[in-house]
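My entries follow in the order in which I checked things.

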Amino acid sequence: MAINGSTRWVGLLGCPVAHSFSPVMHNTAFTHLGLNWRYAAFAVPLAGLRRAVAGMAALGFTGANITVPHKEAVLPLLDQVDPVARRLGAVNTVVFGPDGKSRGFNTDGTGFIRGLAAAGFSVAGKRAVLLGAGGAARAVAFALVTHGIRKLTIVNRTPARAGGLLAAAARAAGSRPGQVELAGIAWEAGLLHACTKEADLVVNATPLGLTAENWAYPVSPAAWLHGGVFICDLVYNPVETELLAVGRQLGCRGQNGLPMLLYQGVAAFELWTGREAPVTVMGQALQDFAARC
Ligand code: NAP
């Protein structure tokens, strides 16, 4: 469908954005449903974020995705922020109303849980080891404690950041006092070995494994991973990371970050369009794109 005066626009704001898989996923979905919509990525430095958000509202954009490094900085620029995004302190999806008013959401946690569910893994009653305590780890930790995880151990390089996330996770688990055990450990082979031995799920929410040269693990997964855990590596490029490769050799089931990327996108698509997202078509678009990268 040709771009014309009726085309509706959704934009990604981040810096950098050239590597993003989101344009191909959403544009394929719009085309599949015969919608005259387009999704475009815009590299916007932090200093330009306020003007970019105001510009989108003024130009009549229908929605936006927000990515690194703007997920937190965008909150005070929005007219409304839904409770989940407010609690996370991060927005990844914006909906602009016909009057230009902006509402912020966070679909990362939903995307993570739905990605696991698509592989037949339910977190309720399980024990998880989470690598990382940054933005993605925060969305994962909140999703885990609000979906009934029994034990969550956070592994992080900077102990203070892990401590902050553990405290926030404890507050999020407030409605389930005593039902979720929270712990933090350092990157130490013996501790990791002991924790993963009793775990059901290992989640990598760090950039470790992105490239072998720049993102080597402080302690190789071969030294601590166990067969029997489900592995969710939020990294999706390469499609088989070091963690997943070691897990495969041990007979672990697992997935890379594409399912989470897909389902956070599905939730965003449905917020913008009010229509059911073509999940299979979007997933195939991601797989095809990843294979070409
Ligand atoms: P972030 O906020 O910058 O957090 C990075 C985390 O990784 C921190 O916990 C940091 O530890 C840790 N880390 C970084 N370098 C490390 C190193 N050399 N050794 C040990 N730990 C290290 O980043 P983010 O936004 O959470 O993103 C994390 C990863 O998740 C990225 O690869 C991103 O692409 C991916 N992600 C995927 C999806 C998806 O849909 N699949 C969604 C969001 C993010 P310190 O606290 O010690 O600095």
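**Ligand contacts**

I began with T158, where a polar side-chain atom lies 2.5 Å from an oxygen atom of the ligand; I count a polar contact as a pair of N or O atoms within 3.5 Å, and within protein one atom must be able to donate a hydrogen and the other to accept it, with residues adjacent in sequence counting only if both atoms are side-chain atoms. I note that this is a predicted model, in which local features need pLDDT of at least 70 and side-chain atom pairs count only at pLDDT 80 or more, while totals for chains, interfaces and linings use all residues. Residues are numbered from 1 along each chain as its sequence is written, and side-chain values use heavy atoms, with hydrogens and water left out.

I then looked at N156, which has an N or O atom of its side chain 2.8 Å from an oxygen atom of the ligand. At G257 the backbone takes part instead, with an N or O atom 2.9 Å from a nitrogen atom of the ligand. Taken alone the ligand exposes 930 Å², and the protein buries 78% of that (accessible areas by the Shrake-Rupley method with a 1.4 Å probe; for residues, only the protein chains shown count as cover).

**The shell**

I find 22 residues around the ligand, of which A133, A136, N156, R157 and T158 come nearest (a residue is near if one of its heavy atoms lies within 4 Å). The shell divides into 13 nonpolar, 7 polar and 2 charged residues; Ala, Val, Leu, Ile, Met, Phe, Trp, Tyr, Cys and Pro count as nonpolar, Asp, Glu, Lys and Arg as charged, and the others, Gly among them, as polar.

**Domains**

Where does the ligand lie relative to domain 1 and domain 2? Domain 1 (8–106 + 259–292) and domain 2 (109–256) both give residues to the shell, so the ligand lies between them; the bounds come from an automatic or database domain assignment. Their centres, taken over C-alpha atoms, are separated by 26 Å. I see 11 residues from domain 1 and 15 residues from domain 2 in the contact (heavy atoms within 4.5 Å).

I recorded a cis peptide bond joining V68 and P69, with omega about 5°, and another cis bond from N237 to P238, with omega near 15°. P69 is found in the loop between β3 (63–66) and β4 (80–81), whereas P238 sits in the loop between β11 (230–233) and α8 (242–250); helices (H or I, at least four residues) and strands (E, at least two) are DSSP runs, numbered from the N terminus. In helix α8 I also checked R248, whose side chain makes a polar contact with the side chain of E240 at 2.6 Å.
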